[in-house]
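Take your time with each task before you read its solution.

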Amino acid sequence: MTTAQSYLEHSSPPGRRGWKAWLLTHDHKRLGLMYLWAILFWFVLAVLLGLLMRTELMGAGRTIMGAETYSSMFTLHGVIMIFFFGIPAIPAIFGNFFLPIQLGADDVFFPRLNLLSWYLFMFGGGFAIFSLFFGDGFPDTGWTFYVPFSISSAGNVSLTVTAAFILGMSSMLTGLNFVTTFHRLRHKGMGLMKIPLFTWSLYATAWVQILATPVIAITFVLVVLERLLAIGLFEPDRGGDPLLYQHLFWMYSHPAVYIIILPAMGVISEIIPVFSRKAIFGYKGIVYSSLAIAIAGSLVWAHHMYTSGMSDVSVFVFSLLTFLVAVPSAVKVFSWVSTMYRGSIAMSPPFFLSLCFIYLFTVGGLTGLVLGAAGTDIHVHDTHFVVAHFHFVMLGGTGFAFFAALHYWWPKMFGVLYRNRPAYVGAVAAAVGFVFHFVPMLILGMQGMPRRYYDYLPQYETGNFLAGFGAYLLVFGLLLMLLNLVLSLRGRRTAPANPWGGTTLEWTVPSPPPVENFTATPEIKDFPYDFSEIVANSKK
Amino acid sequence: MESSEEHRHIVGYGQLAVVLALLLALTGVTVAVSYIDLGFLNVPAALTIATLKAALVLLFFMHLRYEGPIIRYGFITTVMFLAIMIGFTFWDVAFR
Ligand code: HEM
């Protein structure tokens with residue numbers, strides 16, 4: 001089996017060399033890597049912007065920037081983190097790379113469309129950069145582009161939302177590709193209940209991408225039309241309704257947070273059983289909860305609008321629905337914890353990061369309940385409590401899962417092993433730094449510190465000062481992990497086909513995988529997480 | 001399980017012509033109804049006819065009738081999703 005040349009040495013379609021082998025590739029794995037580098041660039045950039053904001057907040061008054069720069073900073077940080085990192089990261093990188101392999105397929109169903117998605121992603125990125133330096137200045141509306149400010153702001157809002165529009169197309173095409181691949185290219189022997197959980201989570205996500213993205217695309221077009229032609233849809237003095245904008249925005253953007261978290265949950269569902277050497281607890285429960293989250297998560301958008309002046313009936317209904325989403329999320333957390341119970345745990349960097357995920361995500365989920373209840377939300381709405389809550393979910397959750405995925409699949413993607421010690425040091429620093437950064441923010445928020453301000457009242461100084469140290473430690477940890485991974489590419493400690501003892505199909509092919517993934521027909525197990533063979537082999 | 005082989009269905013000209021005739025007739029009905037004042041029912045009547053026409057186009061011209069379950073369910077999900085989006089927004093507008 002190992003005689004097949006790896007995808008890194010062999011191009012698809014065959015015969016292409018040099019840059020053409022990459023820029024014109026149809027290979028889902030090469031595209032995964034191309035997304036990896038592009039997304040890492042954006043992630044590091046936005047992390048540094050976050051650090052600058054934190055530095056500004058460490059002392060009261062103006063420290064390193066003024067109000068206007070700060071407004072642009074949180075806008076850019078938010079836009080990049082959501083549209084360039086959170087939404088694409090796990091599906092576009094690991095989904096592209098592993099979904100076809102986990103399904104026993106040799107590529108996605110529409111390989112050329114896959115390439116087009118990558119170009120749209122890059123084009124959207126180029127557009128975003130362009131929008132910064134041309135036009136009337138940096139956008140300063142926050143990543144939510146709320147009207148009426150986004151209509152009257154002098155910043156270059158039109159171009160920035162156009163960039164997000166283009167990224168939306170890229171995201172939809174990826175979703176379409178995944179749904180089609182799932183149905184049409186899945187190995188004949190792989191019934192629905194034999195599909196790995198990561199792929200299931202991507203499938204649920206893909207539907208949300210396909211169905212919800214058009215809403216934001218249209219909304220952004222409307223904002224541009226409002227700015228250019230003043231059509232009066234959202235402006236009250238022209239008979240428009242600003243709340244309509246908020247509805248339309250959150251109709252996409254709330255499901256988008258599930259686009260961000262569901263694949264992360266899929267990653268954790270892969271890693272926990274492998275390092276517990278034990279079948280995942282409640283496989284079906286996890287599958288159905290992914291689908292339930294995708295569906296129920298699409299029905300709760302207006303819980304961002306409790307204080308906006310929406311009708312009381314809406315507040316009541318959306319609050320109720322919000323509590324429903326907590327149920328399937330909790331099902332997953334219980335399943336992961338039960339999987340570890342009486343397992344034979346082997347510690348490793350991806351497993352450690354997954355444990356951090358479970359803890360941080362759970363805090364994120366629980367603080368979400370405080371916000372989901374309409375009464376308590378009124379107290380903490382638009383404060384640093386909210387900012388801390390969604391960082392617990394998006395950085396503590398998706399961010400840590402992203403790093404877990406990097407550490408789990410890196411040996412498969414590149415065929416090299418990384419050093420464990422720097423990975424652990426980085427992960428511990430990131431986790432401790434995270435808590436130091438965001439727990440003070442939860443408290444500051446409850447004390448009433450509003451979000452999106454570069455300055456604050458004197459009583460908030462201690463908390464902000466402490467949080468600054470947390471941020472530096474956190475960023476140090478994240479960058480150390482990345483550096484360690486990148487340096488492993490030089491060392492060439494070759495990875496075996498199955499370094500962790502995984503049971504899903506990607507671990508049955510060589511590292512890195514051959515161009516068409518499988519050289520022999522893959523053997524489909526009755527249950528994807530059957531560790532009996534792995535355990536028997538390790539006892540020998 | 002879904003089958004992977006392609007099955008193409010070719011709709012005959014006769015059938016297409018019938019659908020076209022129906023569509024034109026329904027357009028006539030829309031125009032005719034617009035001259036009668038039905039009070040509150042004006043809008044529901046126009047929407048019902050429009051929905052019927054859209055259904056004909058989808059089923060025959062766009063082949064939904066001959067497609068497998070995935071495409072059908074995919075389509076129905078999409079329409080339901082849209083209905084929910086619009087419906088839930090009305091909780092706000094209607095009770096504000
Ligand atoms: C090292 C990592 C990070 C640091 C230090 C950081 C820090 C910050 C800070 C200081 C703010 C501004 C708070 C305010 O004044 O309102 C902020 C806002 C925000 N962050 Fe982060 N963050 C980090 C990672 C992330 C990640 C991974 C995501 C998402 C995937 C994210 C998404 C956002 C969003 C959406 C906003 C709101 C922007 C707005 O108000 O429009 N951040 N972050």
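**Exercise 1.** In this predicted model, find how far a nitrogen atom of the ligand is from an N or O atom in the side chain of His391(A).

*Solution.* Start at the side chain of His391(A): the distance from one of its N or O atoms to a ligand nitrogen atom is 2.8 Å. Next, turn to Arg452(A), where a polar side-chain atom lies 2.7 Å from an oxygen atom of the ligand. Finally, look at Trp143(A), whose backbone has a polar atom 2.9 Å from a ligand oxygen atom.

**Exercise 2.** Work out which residues coordinate the iron atom of the ligand, and decide what geometry the site has.

*Solution.* Step one: the iron atom is coordinated through NE2 of His77(A) and NE2 of His391(A), at 2.0 Å. His77(A) sits in helix α3 and His391(A) in helix α14 of chain A, 314 residues apart. Step three: check the angles. For comparison, ideal octahedral angles are 90 or 180 degrees. Step four: are the two histidines buried or exposed? Both His77(A) and His391(A) are buried.

**Exercise 3.** Describe the shell of residues around the ligand.

*Solution.* Begin with the count: 23 residues surround the ligand, and Tyr70(A) is among the closest. Then sort them by type: 14 are nonpolar, seven polar and two charged.

Notes:
Residues are numbered from 1 along each chain as its sequence is written. Chains are lettered from A and ligands numbered from 1 in the order in which they are written. This is a predicted model: local features need pLDDT of at least 70, side-chain atom pairs count only at pLDDT 80 or more; totals for chains, interfaces and linings use all residues. Side-chain values use heavy atoms; hydrogens and water are left out. Donors are N, O and S atoms within 2.8 Å of the metal (3.2 Å for Na, K and Ca); water is not among the atoms, so sites may look incomplete. Four donors count as tetrahedral if all angles lie between 85 and 135 degrees; four count as square planar and six as octahedral if opposite donors are over 155 degrees apart and all others between 65 and 115; anything else is irregular. Helices (H or I, at least four residues) and strands (E, at least two) are DSSP runs, numbered from the N terminus. Buried means under 20% relative accessible area, exposed over 50%, partly exposed in between (1.4 Å probe, protein chains only). A residue is near a molecule or strand if one of its heavy atoms lies within 4 Å of it. A polar contact is a pair of N or O atoms within 3.5 Å; within protein, one must be able to donate a hydrogen and the other to accept it, and residues adjacent in sequence count only if both atoms are side-chain atoms. Ala, Val, Leu, Ile, Met, Phe, Trp, Tyr, Cys and Pro count as nonpolar, Asp, Glu, Lys and Arg as charged, and the others, Gly among them, as polar.
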